[in-house]
Amino acid sequence: MRAERVIPLQDVERVRIYINEGQLPLRDVVAQQAPDIAITGVYYTSAWRPTCHLKAGGKVLADDPSYQPPGLAWDRGPDIHQATVPDHLALNYLSCCLLTASGAPEPKLYYNADVGGARGRAAVWLRGQELGVYACTDGADALTPEALQARLEEAYAPDTAIMLDGGSKVNYYDRASGTLIQGNDPSQNLILIYLKKKEGTPVDKFTVCLDPGHGPETVNASPDGTYRESEFAWDMYGRISALLEERGVNTVCTRTEDTKPSLTERCAVSNSAGADCFVSIHTNAEGVSGWGTAKGLEVYTSSGPDSAKRNVLARDILDRLEAEGVTLRSGPLKHSMELTVLVKTNAPAVLIEYGFHTTQSDVTLLKDASYRDKLARATARGVCDFLGVERPEADEPDEWASEEWEAAKKAGIMDGTRPHDPLTRQEAAVILERLGLLD
Ligand SMILES: [Zn+2]
């Protein structure tokens with residue numbers, strides 16, 4: 001299998017080096033980070049460390065000052081250019097096996113014998129104002145480094161071209177074509193490319209970043225150990241995202257079920273996805289040993305004023321929760337500049353404490369699946385109110401049909417499910433019979 005893409009730099013929003021600490025397969029990285037294009041990065045060791053020059057978001061991950069080859073360097077992404085690395089001024093850089101520099105193919109390629117021969121390959125290249133990616137898998141499309149160089153020269157005549165990691169570590173994703181090449185091995189580092197959003201696309205019009213708090217090793221639990229905050233947060237993420245996706249809202253998640261990213265990493269997921277809002281999912285704890293008495297739900301944003309988008313979002317969610325009869329704390333909208341996920345996210349951000357896992361009656365509710373549904377429904381509805389999403393929920397008719405829908409249900413002519421599905425011929429026959437037209 002082979003995949004390639006040429007991307008005009010003017011379409012690039014951002015280019016990131018993603019460090020895959022969790023050793024996740026590509027599918028999970030794509031689900032979490034929501035890039036438009038992803039490709040395997042530079043070589044790494046069995047100790048899960050990159051070996052070629054690599055700097056990601058200001059952090060140097062691999063460096064050898066005695067060796068200063070040409071590589072690619074950039075700050076945000078559209079500014080990507082050939083540079084001698086290490087390039088101390090750039091926020092990001094990489095080099096690996098150099099194929100072409102300054103428009104001239106390298107006369108001799110330097111690589112270790114164990115990466116030679118025909119195998120799967122990944123490469124990134126630049127020509128003028130175009131950025132290109134190339135990936136092929138082991139098997140029929142496998143290439144030697146020299147053949148890869150020749151192939152790129154012939155097809156693109158790049159100014160700069162770099163061969164990245166290969167073989168079973170070739171991972172490649174392209175959202176536009178739906179291409180997903182998932183190598184047998186995950187990549188330690190990946191180049192993630194985010195494109196500028198095009199206006200007016202009805203699907204994926206909005207992106208919401210959901211942040212299930214904590215992770216598997218979190219100790220936060222009820223005093224009797226029967227309830228865990230991280231499990232609740234993960235479960236609620238699934239419920240809320242399903243409701244949002246069903247209404248045409250794209251969601252990204254800050255973690256997978258078995259990972260626990262840092263707070264800054266969570267913000268980075270939201271920021272690089274260009275999220276329209278950010279919702280962090282938690283439960284509260286009272287500073288007591290054993291069971292406490294504090295009850296109810298509260299929502300945090302970083303600060304006032306009420307008119308700020310984050311507070312409008314918080315109010316929209318609180319209104320929906322109140323309408324569902326959920327018990328709220330007195331003064332349920334609170335502010336804190338101490339919460340990293342609220343301060344370092346670009347999108348309007350809220351953190352919801354859905355109840356107290358230190359209070360017995362709240363824990364009983366929080367464990368209950370139908371209560372979780374209620375919380376998820378209210379959260380998703382509040383988010384949709386905030387975004388101005390017009391598409392109704394799957395089990396709700398459109399506004400214009402709601403009266404007739406209810407009447408048809410009441411009269412026993414229709415069962416009141418699937419309001420947006422087409423009517424089949426057999427269903428039409430049943431309706432005619434119920435209307436008494438067939439007697
Ligand atoms: Zn928490």
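Start by selecting residues 263-273, which form helix α4, and colour its buried residues: R266, C267, V269, S270, S272 and A273. Keep in mind as you click around that this is a predicted model. While you're looking at the helix, here's a handy rule: an α-helix has 3.6 residues a turn, so residues three or four places apart point the same way. Now step just past the end of α4 and pick G274, which takes a positive phi of about 60°.

Next, zoom out and colour by domain. The domain assignment gives domain 1 as 2-195, domain 2 as 207-387 and domain 3 as 401-434. How far apart are the C-alpha centres of domain 2 and domain 3? They lie 37 Å apart.

Now hop over to residues 12-19, strand β2. Is this strand mostly covered or mostly open? Mostly covered: seven of its eight residues are buried.

Last stop: the nonpolar cores. The largest one has 58 residues, and the members that touch the most others are A38, I39, A123, A135 and I162. Select I162 and show what's around it. Leaving out residues up to four places away in sequence, I162 touches G71, L72, S95, C96, C97, L98, L99, A123 and V124. Apart from this core lies another, of 48 residues; to find it, select V279, A349, I352 and V363, which are among its members.

How values were computed:
Residues are numbered from 1 along each chain as its sequence is written. This is a predicted model: local features need pLDDT of at least 70, side-chain atom pairs count only at pLDDT 80 or more; totals for chains, interfaces and linings use all residues. A residue is buried if 20 or more other C-beta atoms lie within 10 Å of its own, exposed if 12 or fewer, and partly exposed in between; C-beta atoms are placed from the backbone. Helices (H or I, at least four residues) and strands (E, at least two) are DSSP runs, numbered from the N terminus. Domain bounds come from an automatic or database domain assignment. A nonpolar core is a set of buried Ala, Val, Leu, Ile, Met, Phe, Trp, Tyr and Cys residues joined through C-beta atoms within 7 Å. Two residues are in contact if their C-beta atoms, placed from the backbone, lie within 7 Å.
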